[in-house]
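Please find below a note for a colleague who is opening this structure for the opening pass. The points are numbered so that each can be checked against the view.

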Amino acid sequence: MLDPAAKILVIHVARIGDTLLITPALRALKAACPQGRLDCLLHPARRALLENLPFIDELGAITPKTACVRGRFAGKSYDYALVYGHDAPLVRYALRVADKVIAFRQRADELNARLWRVVASPTQPMHAVHERLMLATELGVTTTDHHLACVPTEAEIAAARARVKSHAPGRPLIGFQVASFPTKAYRDWPVESFAELGRRLLARYPNAHMVLLGGEESRAKATWLARQLGDRAFAAAGQFGLRATVALMRQLDLYIGVDTGPTHIAGALGIPVVALYHCRHRGVHLAPLQHPRLEVVEHPAPDSDCAPSTPMAAISVDTVWEAAQRLLPPAP
């Protein structure tokens, strides 16, 4: 049984989606030690993503490089540390600042020998949230609440409402996330398919507006798509920081996107979601859990015939259109 006053550190240096996938574990850990502390060290670019969550006491930033010089003289500050991933400098830092360290099996036997608990990676596919809960389970911490968490502040919401009023005042307000990150671009649905889907939605809903989301890497596609859809489409990709984007997404009546970080954000916000998954990364293992208004569109190829070269164009516009219609209100 975990001491209710335990001090716990969680270290996770990852991309947006992977960062959000640990939030059910964080919530459960804090519930198990309400008189203790739950601190998190995250990638500097993703730290802001978990701001304003009531179950985190303190957020900080860390990288494998900065971890090498941290905590050498401070002594043990935590009862436990949970380290996600396989970056040896992060594990070594945790060993310096925590009495007991839990991590998935590392590449170095020397590190594994120093861990309090070594957790074997799952041998069978399982949902990413359940996989990340495996570390908390070593402390006897379990949960049935598997919702992702991401909470904009009231000030951020007010600023987002002003942006919507200025750039995309119609309803329903529909967000498109057209691109994943470049190293896994095979997960991207053709932008031409998004264009056809957008034209159908704008024709069906004469007051609708589109918000084209994403980071700097999505700007070119979003700009092209905005030109195809006209003045009822707002190319927001690359224009706002992470927190401002979260607040902007909170205003959406529907989100449609490929498998990437903003799709996890949409799931955490609880807005209606249509999520498209490649056959190498199935929605059954990645889509938001316990989401009340979610349509998962799986690639039709069987796993046995799937490769990175398997095109996402195999998902038809009709399939995504029908999923969107199930989540949107009837057209006027």
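1. Leu82 stands opposite Ile102 in β5. Strand β4 (residues 78–83) and strand β5 (residues 98–104) run parallel and are joined by 5 bridges, where strands count as paired if DSSP finds at least two bridges between them. Helices (H or I, at least four residues) and strands (E, at least two) are DSSP runs, numbered from the N terminus.

2. The model is a predicted one, in which local features need pLDDT of at least 70 and side-chain atom pairs count only at pLDDT 80 or more, while totals for chains, interfaces and linings use all residues. Residues are numbered from 1 along each chain as its sequence is written, and side-chain values use heavy atoms, with hydrogens and water left out.

3. Strands β4 and β5 belong to an open sheet of 6 strands, ordered β3-β2-β1-β4-β5-β6 and paired in parallel. Because β3 (58–61) and β6 (117–119) stand at the edges with a single partner strand each, one side of each is left without a neighbour in the sheet. From one strand to the next the twist averages 20°, with axes being lines fitted to C-alpha atoms, for helices over the stretch in contact, and angles running from 0 to 180 degrees between N-to-C directions.

4. Helix α2 lies across β1 (7–12), β2 (37–42) and β4, running at about 155° to β2, whereas α6 lies across β4, β5 and β6 at about 150° to β5.

5. Helix α2 (residues 23–32) and helix α6 (residues 128–137) also pack on each other, at an angle of about 35° and with their axes 8 Å apart. Pro24, Ala25 and Leu29 in α2 meet Val129, Arg132, Leu133 and Ala136 in α6. By class this contact has 6 nonpolar, no polar and 1 charged residues, where Ala, Val, Leu, Ile, Met, Phe, Trp, Tyr, Cys and Pro count as nonpolar, Asp, Glu, Lys and Arg as charged, and the others, Gly among them, as polar.

6. A further open sheet has 6 strands in the order β9-β8-β7-β10-β11-β12, and its pairing is parallel. Its edges are β9 (233–235) and β12 (294–298), each of which has a single partner strand, so one side of each is left without a neighbour in the sheet. Strand β11 (residues 273–277) pairs with β12 in the parallel sense over 5 bridges, and Tyr277 stands opposite Glu298 in β12. Helix α11 (residues 261–269) lies across β7 (173–177), β10 (254–258) and β11, and runs at about 150° to β10.

7. Cys279 and Cys306 form a disulfide, with their sulfur atoms 2.0 Å apart, the term being used for a pair of cysteine sulfur atoms within 2.5 Å. Cys279 lies in the loop between β11 and α12 (283–286) and Cys306 in the loop between β12 and α13, so the pair ties together parts that are 27 residues apart in sequence.

8. Helix α8 (residues 191–204) and helix α13 (residues 317–327) have axes that come within 10 Å and cross at roughly 40°. Among the residues that meet there are Leu197 and Leu201 in α8 and Val320 and Trp321 in α13. By class, the contact of α8 with α13 has 6 nonpolar, 2 polar and 4 charged residues.

How values were computed
Contact = heavy atoms within 4.5 Å.
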